[in-house]
Amino acid sequence: MAKLSSLFVTFSRVAASSQKLGINLIRVAILVIFVWIGGLKFWNYEAEGIVPFVANSPFMSFFYTKSAPEYKDYKLKEGEYKFLVTTPEVWVPDWGSGEHGFPLLTGAGRLVIKDTAILAGALVVLSDSAKRVLNQLK
């Protein structure tokens, strides 16, 4: 039991000392994701792929103020409610296999869930950067 306890303490020390490395890896990962996936937005296939997200977003739907009838096919109907409120079709539909709905995610659903991890990583990086700035101002 003492050996297991010692191993746990050693592992904890290594994990605690790796925070700076982890934060730097998050920085690199966020940069790669934003540059790569952001750069893809300049290709037509990617721009068309985000139409349901933009058309149903309470923060970005204003981009469709001009006549663009094809995006209206993606808009949620009045009063329609999905779990991920602003994004249609995130759950696997009933294709007859008996496996559908929550928790099975479509490609769109996986995209949204992946973004939550990126946002969490961005918050960690923001917090760490703010601490550095505040320390330098002292």
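1. Let me start with Asp128, which sits in helix α5. Asp128 counts as buried because its relative accessibility is 16%, where buried means under 20% relative accessible area, exposed over 50% and partly exposed in between (1.4 Å probe, protein chains only). Leaving aside neighbours within four places in sequence, Asp128 is in contact with Ile23 and Arg27; contact here means heavy atoms within 4.5 Å.

2. A word on the basis of all this: the model is predicted, so local features need pLDDT of at least 70 and side-chain atom pairs count only at pLDDT 80 or more, while totals for chains, interfaces and linings use all residues. Residues are numbered from 1 along each chain as its sequence is written, and side-chain values use heavy atoms, with hydrogens and water left out.

3. Now the overall make-up. The protein chain has five helices and zero strands, with the elements running α-α-α-α-α from the N terminus on. Helices (H or I, at least four residues) and strands (E, at least two) are DSSP runs, numbered from the N terminus.

4. Asp128 belongs to the pairing of helix α2 with helix α5, so here is that pairing. The axes of α2 (residues 19-40) and α5 (residues 107-137) come within 9 Å and cross at roughly 125°. The axes are lines fitted to C-alpha atoms, for helices over the stretch in contact, and angles run from 0 to 180 degrees between N-to-C directions. The two helices are therefore oblique to each other: angles under 35 degrees count as roughly parallel, over 145 as roughly antiparallel, 65 to 115 as roughly perpendicular and the rest as oblique. The crossing of α2 and α5 is left-handed, that is, the near helix is turned anticlockwise from the far one by less than a right angle, with clockwise being right-handed.

5. Who makes this contact? On the α2 side the residues include Ile23, Arg27, Ile30 and Phe34, and on the α5 side they include Ile118, Gly121, Val125 and Asp128. By class, the contact of α2 with α5 has 10 nonpolar, two polar and five charged residues. Ala, Val, Leu, Ile, Met, Phe, Trp, Tyr, Cys and Pro count as nonpolar, Asp, Glu, Lys and Arg as charged, and the others, Gly among them, as polar.

6. Phe34 deserves a look of its own. Phe34 lies in helix α2 and is exposed, with a relative accessible area of 51%. Not counting residues up to four places away in sequence, Phe34 touches Gly39 and Ile118. Phe34 and Ile118 are 84 residues apart in sequence, with 9.6 Å between their C-alpha atoms.

7. The C-alpha atoms of Gly109 and Val92 are separated by 8.8 Å, and the two are 17 residues apart along the chain.

8. Finally, the chain totals. Buried residues make up 20% of the 138 residues in the protein chain. The chain exposes about 11,000 Å², with carbon and sulfur atoms supplying 68% of it.

Terms used
Areas by Shrake-Rupley, 256 points an atom, 1.4 Å probe, with all protein chains shown as cover.
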